[in-house]
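I opened this entry to keep a record of what I looked up, going from the whole chain down to single contacts.

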Amino acid sequence: MADPTPQMSKLSLQGNAAAAAAASSAPKGTAKRDALCAAELEVQAMWEREKVFECNPSAAHEEKFIVTFPYPYSNGHLHLGHAFSLTKAVFRAQFERNRGKNSLFPFAFHCTGMPIQAAANKLKSEIEEYGIPPRFPEEDPIIRAQMEADIAAAAQAKADKAAATGVKTGAKTKLVQKTGTGIVRQWNILKRMVPEEEIPEFANPVHWLKYFPPIGVEHMKRFGSGVDWRRAFITTSVNGYYDAFIRWQFNVLREKGKILFGKRNNIYSIVDRQVCADHDRSEGEGVGPQEYVLIKLRVLAPDHGQERHGKMEKLLKLVEEEGKKGVFLVPATLRPETMYGQTNCFVLPDGEYGAYYVDATDEVFIMSARSARGLSCQTYDAAKDVYFTKEFGKITCLETFKGDELLGLPLKAPNATYEKVYTLPLLTISMGKGTGVVTSVPSDAPDDYVALKALKDKPDFAAKYGITPDMVDPFDVVPIISIEGYGDASAVFMCEKLDITSFNDKAKLAQAKDETYLKGFTSGVMTYGPYSGKKVSEAKPLIKDEMIAAGQAHLYFEPESKVVSRTNDECVVASTDQWYLAYGEESWCSSVKKHVLDGETFNAYDAMSLEKYDATLDWLKEWACTRQFGLGTFLPWDTKWVIESLSDSTIYMAYYTIAHYLQGENNLEGEESKSPANIKVEDLTDAVFNFIYRKGFPLPEGSSIPSETLVKMRDEFRYWYPMDLRVSAKDLIPNHLTMALYNHAAVWDDEPGLWPRGYYTNGHIMVDAEKMSKSKGNFLMMLETINNYSADATRFACADAGDTLDDANFSRETANAAIVSLSNEAALIREILVETDKSTLRSGEDLNFMDKVLENETNRLVRATEVCFETMMFREGLQKGWFEMMIAKNQYKSWCQDSGIAMHEGVVRKWAECLIIVMCTICPHWSETLWKDIGKEGLAVKAPWPIVGDEEKLLTRQAKFLRDSLKTFRTSAGKAKKGWKVATILVAEEYPQWKVDALLWMQTKYDQASGSFPDTFMSDLKEWSTANVSDKKKVKLTMQFVSFMKKEVEDVGEMGMDIKCPFDQLAIMNESLAYIKSQLNLEELGVGRVDDSELAVPENTSQTVAPGKPYLWMR
């Protein structure tokens, strides 16, 4: 165990003295914050000295609990987003610790992959070009202004183009959004985090691994994270121990047939020359390849004598002279089965296209440069290893065209009923998707139908683009698919149904497209062609294969949406030789699904999360698990490959269980000389890991590691596993979290009992209801936030931010309020239990009504908070365990003061002790300090969860009766006429008969076993009241009354239907009379029954009084 940091070693836990001293010397306005911070440093120093969070297997603990958190990437400091997600793990670990479990929270730092390598390379280039310190061109105001103007102009041009085509986009580029200027330098990024004189060292990627992880440890400690730091480590081959573990893992996966080799289509960066996985991306995480079919529409000789076709005529002549096989416009479609209905082809008039030579087919394809770039990375014939182009990633452009130069060209469209179709304009084409060429099937594509109809109906519009009537008028809709309820031209049907008259009706067109495409595939039947009579879902693959075999089409892939690598390269889909994990393999997938969907074996904590896991398991398939560039572990059997960052992060939770034998504290990089068990990296053979982690493997022969040590490591793994909980943000569901399930199921396929027991996922964090952004000034770093608000107030605000998959909101106002609230409550508790003369407080077993209420509220709220924390609902737990505890205490304190009765020391102490331990989950430093201050032995973080009695429902109802009555009285008093001084609280013991009848009927409908009414309750009520309430005027009143009482029953249980008030209302009101009188600021107040003849209560007043619903009668 390392010594405390210098900052911590000077401090000791001395109760409130140090905090008070800090507060007195702090600048005005920060005294309470500074006092909290000072106390936190004392507590953290004490925790380190006493090794509080170091966890070892112990026979004394019958239950263990291990929670883990995805190790953060170590290319900078931790920010508030990390802190927010982190609190879910930290809170749960501390909660289980207080529940008496041996609760372990380990932590590590991820360095594998592209980001650090790419940043180091960028810095190296900047230094080589601009020197040390660099003199960047933009430091010259004139040059900077020009650079910013160029970036802004490019962004505006992009926005203008998007606006013209109806595509929404921001007016700024991503770089401008990030920096406000668009000029990003790696040197300047580092300058915000490290001393400038040290920046040159970051040109070496290994320096990042030495610099940022130790800082991360210190920031985590300052947050009070409760980590067992003996088990911490960094990834990559720099850490030999972890490197050996990952090599073993991959050898096991290969042994079990889970890792295969071959050509696969993956998201790929041409600049980086390798596959670009989720964590290698700056944009497009979670995006996969999308399969299209390129339809080859042969360009025929132009037949209208239009001058704009000059380039095409020359190209056709060149192709003919060189003996090439033709020129083709190649739209990319998802619906090859609809090609029988082609009437034309669309291009974007101002789009930029090229004529690209395809070596594999000896043809020329007209398409966008972006799509041609992608095509050059894909196979024409995967089985024969033939690519579309001779050189991977490169394609020859023979000519360039504006879209306008392609308009009016005659085409021969495969499978079309028309011998010849024409190229027409479509203004909504996106050049960032597909090839920029769109085939037109107006029978089944609403966009195509509307565009073709516009050209037919508006000759002036067609003439603007040089489109003559004979290019559009002869081409009628060709029915090819019949859909029940939609006819044989679903696009026409939907456009008429939704009254779509223009392609500016974007919302309606989107609705029509979604509906026709879905219905067409699921319910459509082919009515044209050789597959007439077959369902579309059956015919589609047959038609696709037939067209490809005939040379009329080719498969083409591109990302589902835009993907940008961390080197700022827009990625394509490439077919590359690749080692890949066979995710999606039927038996593997089904075993994981069975585990995840069984509530007995796996807890997703949220139905929506569970749905996401189920969906991910359906679509996650073969995953490229290696790269040829970046930091990481080399593939053991093929060392030219490096294991990528998501694939070396799937079972490392098991490494935590033995890391303290191998590395120990302050040894993140795994220096052998610091190994606590004196284990050398070379001794960590597969046989050693097999013995530790896998059932049935013998002690390795000839190992240099003592057998006792190996047995201890094996036993420790078996003690901590399975992992009880993993906490993460929701964006890791489609990759890391599901992959971890797959890998556990593979490595321990014979022991499902070792697979993860639960995953909790949360949304992202906003700050003051806005997305965190440097430009908005609300991008908060973790340490910065701690320094501004204290660790506990930050944790408090994180708990209050939210728990669901929806994005949460960190409120700085809440953090500030928490500083005040925590400080004030601590002061009050000390005042009552430490500083106040005990003789001024009551004691003994004689409790008054309000003593019992506070005790009961404490019992209720402790139990309610426990349920919330156990189900990861920390915001609701904070509501119960803090805010409602405050309400209960405040009411008790006011009641005692106004009644002139001393507080009961035992009752207040129980409340305070429960509050301190309940809040230890969220604000452990505050709890630790206060625990000591009120004279408790031991540590708050180790103290048992409060043992409380069952809630007395009747007492809860009595407390609510007093609280609600006072609220109602305040309203009545506020409406009293001037001069009214006499006030009487009127109570009723019984309901009028019509209400009694209604309550008795409710009792017959109530199911005691389930504690609920039937789903048909309200319809049953209407039927009963109509038949049984003789006074028809009272039918509506009866239904309103029963509806109200139903909610009452749902709150308090069956007693809500009692026909008489189950408690003595007069006694409660009389005992609380002084309190109520003071709260209402009344000079004279009495209590009486509404039917007391001496009071002579007017009838209209008496009608407002009911059992449990008193009335303040003023006159």
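**Overall architecture**

I began with the secondary structure of the protein, which comes to 37 helices and 34 strands. I note at once that this is a predicted model, and I read everything below with that in mind. For the extent, I took the C-alpha trace along its principal axes and found that the trace spans about 115 × 90 × 70 Å. I then looked up burial, and of the 1115 residues of the protein 55% count as buried. Turning to contacts with a separation of 6 or more, I found that residues 24 or more positions apart account for 77% of them.

**Annotated spans**

I next checked the UniProt record, where an unreviewed entry lists residues 43-122 and 218-810 for "domain: Aminoacyl-tRNA synthetase class Ia". Taking residues 218-810 on their own, I found the end C-alpha atoms 23 Å apart, with 32% of the span in helix and 20% in strand. The UniProt record, again as an unreviewed entry, also places "domain: Leucine--tRNA ligase RagD-binding" at residues 987-1061. For residues 987-1061 I noted 60% helix and 1% strand, and the end C-alpha atoms lie 10 Å apart.

I then traced an open sheet of three strands, whose order is β9-β6-β21 and whose pairing is antiparallel. The edge strands, each pairing on one side only, are β9 (332-333) and β21 (553-559). Between β6 (residues 289-295) and β21, which run antiparallel, I found seven bridges, and I wrote down that Glu291 stands opposite Phe557 in β21. What packs on this sheet? I found helix α17 (residues 536-549) there, touching β6 and β21, with a direction that makes about 115° with that of β21.

**A helix pair**

Last, I looked at helix α25 (residues 791-801) and helix α28 (residues 874-899), whose axes come within 6 Å and cross at roughly 120°.

Notes. Residues numbered from 1 in each chain as written. Predicted model: local features only at pLDDT ≥ 70, side-chain atom pairs only at ≥ 80, totals over all residues. Heavy atoms only, no water. Axes fitted to C-alpha atoms, helices over the stretch in contact; angles between N-to-C directions. Helix = DSSP H or I, 4+ residues; strand = E, 2+ residues; numbered from the N terminus. Pairing = 2+ DSSP bridges. Contact = heavy atoms within 4.5 Å. UniProt positions renumbered as here; feature names shortened; annotations may be inferred. Buried < 20%, exposed > 50% of the residue type's maximum accessible area, 1.4 Å probe, protein only.
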